[in-house]
Structures are given as C-alpha cells and as structure tokens.
Amino acid sequence: MQTIAITQGDPAGIGPEIVAKAFRDAPDMLRGCFAVGDLATLRRAAQCIVRPGVPELPVALIASPDDAWQTPSRCMPVLQLPGLPGPVPWGQVSAAAGRAAADCVVWAARAALQGRIAALVTAPLHKEALSAAGVSFPGHTELLQAEAAAYQGVPLAAMPVRMMLASDELRTVLVSIHLSLRDAIAAVTRENILQTLQITHAALLRSLGRAPRMAVAGLNPHAGEGGLFGREEIDSIVPAVADARALGMDVHGPLAPDTVFMRARHTPQHAGEFDVVLAMYHDQGLIPVKYLGVDKGVNVTLGLPLVRTSPDHGTAFDIAGQGVADAASLVEAVRIARQMVR
C-alpha cells in the first residue's frame, strides 16, 4: 500500500503544528503517512505542542516515502526537501514562507502524478505569502490544476477542477471558487453548471460506488420564482439540469438555496435526501458546511488525476506557535483521502 504525503503548509502558520498533533494524537489514522517539508521547522512544531503529562513527539528523517511504514507509531516521519528555509518567525507573512509552502505542494503533486504516493493532504497556505514569493496561483486548487495539466501535456482549460467541501453531514461542490460575487454570478452558465455536475458525478461515483443523488441550488431567492426574482434559473440552471439528466445523472433542481442544504444534511437520526449540493458560488456553499463545524469540514479537489484533500481552515497566524490549534480537520482530511484511494 502506498503512502500519503502531508505538506507542512505555510511554516509561519499553524500548518506544521497541526501536522505534528495529528501524528501524536491519531497514530492509527496517520499510519503510512509522512510530512513533506523542513525538518527543523517540523521539529519546532513538535516542541510547541508539548504539554505536561503528554509524551513528546519524536521526529524522524526519512529518505523516501516508503520509509514511512518503518516509522514507529506516534513518531512523525519527515521527508526533507532541498532548498527549504529553516524555521521562520511565527505569524508573519514572508516570501520565504510562501515559497517553501508552494515547493512542498509541487513536490507532492508530482509524486502523486507519478504514482509514487497514493494521495496528498495539504496543510494551509497563505495567499499573500504565495504572492510575495512570486507564485502566480492564488491557492492550492489552481496550483495543483497547473501541475496536473503540465504533467498530462494539456492546456489548463482541458483540466477543469472544482472544490468540494465535505463532512459526514453535508457535501457541497462549487460552480466557481475564488471570484468576486459579481464575477461569480456571471459564471453561472449552462456550460459551467453542466461541467460541474459531470465532474461531481464522476468523482462521487468512484468514492460512493454508486451514482450520487445531486441537488442543484438556485442562484436567486426561492430559485427565482419562475423568473420573478431573476432569470438565471430559467436561462442557465434548468437547461444544465436537463442536459445532465439526458446523460443519465440523478440531478434535482434548481431548488431554493435557503432550504436545499437542510434537505441534504445527513444525521444519525435522519438521512439526507441528496449526497451532494451543487452551489452557485463560494459562500453559498461554504457557509452551511462551516456552520456545521470547521473541525469537520474537508476541502477536496475534484477533477484532478490525483487525490488531494485539505483541512477547511486557514493559516491562523494569530495563534501560530502556541500549540493550541485544532488538528481535527487535518485528521478528517487524511480519513477522506484514505477513502478516496481505496
């Protein structure tokens, strides 16, 4: 069985310490995983989570991904990448930190594309630090898309990707990701919606082992009320749903966006009506998932020829280095990655 790489994230943020906490507190789930980054940075992270009565976390340098299997339980194996800076100041935006974070993601993406690892789980990046480092991508999704397109020798347009936020209670996939609200509304087109449904259907068919039940949220209040509150449903969403149904997909909508997420929510007491909700823009889809608990949400990139998951939170510079960051979402990201590579 292949290993899973966990990137250290921005070394000035909470990424390294939540990686360390995950190895310490969830040893069974982290078995066969290893951290990609700078050894000294990750050793500093292991020290910052030391607490009275809790055993310290050993950190082991490994030479290759497969060496992770020989690492003892509750020990963090680290694959040192050449050229990374040592520990940087906590909580400060810097080009050095942004470049180090990006280099770890690029290494892990290429290893996954080449089949040397089963999946990658990414600790948080800082978009301003990436920009300061001259990285021309705003985040993980776009960087991974570019790496995958380059590996397969195709233009970016031929490697469409989508963001899914997932928890045990709710999954939502976004038609657009990091756009202004004005631009996101313009992106609500028949073509974009159908492509999102196709990507979502293919990804969940693999992970669920059956065709997913997909709900499509409307853009406007009450899903437009037949054109009273906007025509996007009539002109774009309804035709895209019809196209998807003609291709054999189980799609429902457009449904009122203020109730569709409640209808899809799965709890032990009540199974949701749908496996996933297609949201028309970033906040429409992410607010419901995050409201249910940031510690439960996992970011999954769909459409790539690799498995990538990530915790559903940022770098939290304000608490970095204090050892108080919660690693629950990172552990969930590892769990979801394991499910997806089975």
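Mentor: Let's begin with A316, which counts as partly exposed at 25% relative accessibility. As for the cut-offs, buried means under 20% relative accessible area, exposed means over 50%, and partly exposed is in between (1.4 Å probe, protein chains only). Keep in mind that this is a predicted model, where local features need pLDDT of at least 70, side-chain atom pairs count only at pLDDT 80 or more, and totals for chains, interfaces and linings use all residues. Residues are numbered from 1 along each chain as its sequence is written, and side-chain values use heavy atoms, leaving out hydrogens and water.

Trainee: Is the phi of A316 positive or negative?

Mentor: First the general idea: most residues other than glycine have a negative phi, and most peptide bonds are trans. A316 is not a glycine, yet its phi is positive, about 45 degrees. You'll find A316 in the loop between β12 and α11 (328-341). Those labels are DSSP runs numbered from the N terminus: helices are H or I with at least four residues, strands are E with at least two.

Trainee: What about E225, which is not a glycine either?

Mentor: E225 has a positive phi of about 50 degrees. It belongs to the loop between β8 (213-217) and α8, and it is partly exposed, with a relative accessible area of 39%.

Trainee: And which residues does a cis peptide bond join?

Mentor: G253 and P254 are joined that way, with omega about 5 degrees. P254 sits in strand β9, residues 250-255.

Trainee: On to helix packing. How do I describe helix α3 against helix α5?

Mentor: In general, two packed helices are described by the angle between their axes and the distance between the axes. The axes are lines fitted to C-alpha atoms, for helices over the stretch in contact, and angles between N-to-C directions run from 0 to 180 degrees. Here α3 (residues 95-113) and α5 (residues 140-152) have axes 10 Å apart, at an angle of about 40 degrees. That makes α3 oblique to α5. The scale is this: under 35 degrees is roughly parallel, over 145 roughly antiparallel, 65 to 115 roughly perpendicular, and the rest oblique. The contact is made by A102, V105, V106, A109, R110 and L113 of α3 with H140, L143, L144, E147, A148 and Y151 of α5, where contact means heavy atoms within 4.5 Å.

Trainee: Is the way α3 passes α5 left-handed or right-handed?

Mentor: It's a right-handed crossing. A crossing is right-handed if the near helix is turned clockwise from the far one by less than a right angle, and left-handed if anticlockwise.

Trainee: How close do the axes of helix α7 and helix α8 come?

Mentor: They come within 8 Å and cross at roughly 40 degrees, with α7 spanning residues 190-208 and α8 residues 232-246. So α7 is oblique to α8, and this crossing is right-handed. On the α7 side, R190, I193, L194 and L197 meet S236, I237, P239, A240, D243 and A244 of α8.

Trainee: Which residues have the most contacts inside the largest nonpolar core?

Mentor: A nonpolar core is a set of buried Ala, Val, Leu, Ile, Met, Phe, Trp, Tyr and Cys residues joined through side-chain atoms within 4.5 Å. The largest one here has 61 residues, and I6, M76, I193, L197 and M280 have the most contacts inside it. Apart from it lies another core of 34 residues, including L81, A111, L304 and L306.

Trainee: Is R308 buried or exposed?

Mentor: R308 is buried, at a relative accessible area of 2%, and it is in strand β12 (residues 308-311). The R308 side chain makes polar contacts with the side chains of H140 at 3.2 Å and T301 at 2.8 Å. A polar contact is a pair of N or O atoms within 3.5 Å; within protein, one must be able to donate a hydrogen and the other to accept it, and residues adjacent in sequence count only if both atoms are side-chain atoms. R308 and H140 are 168 residues apart along the chain, yet their C-alpha atoms are separated by 9.5 Å.

Trainee: And C104, what does it touch?

Mentor: C104 lies in helix α3 and is buried at 0% relative accessibility. Not counting residues up to four places away in sequence, C104 touches T7, Q8, V36, G37, L81 and L84.
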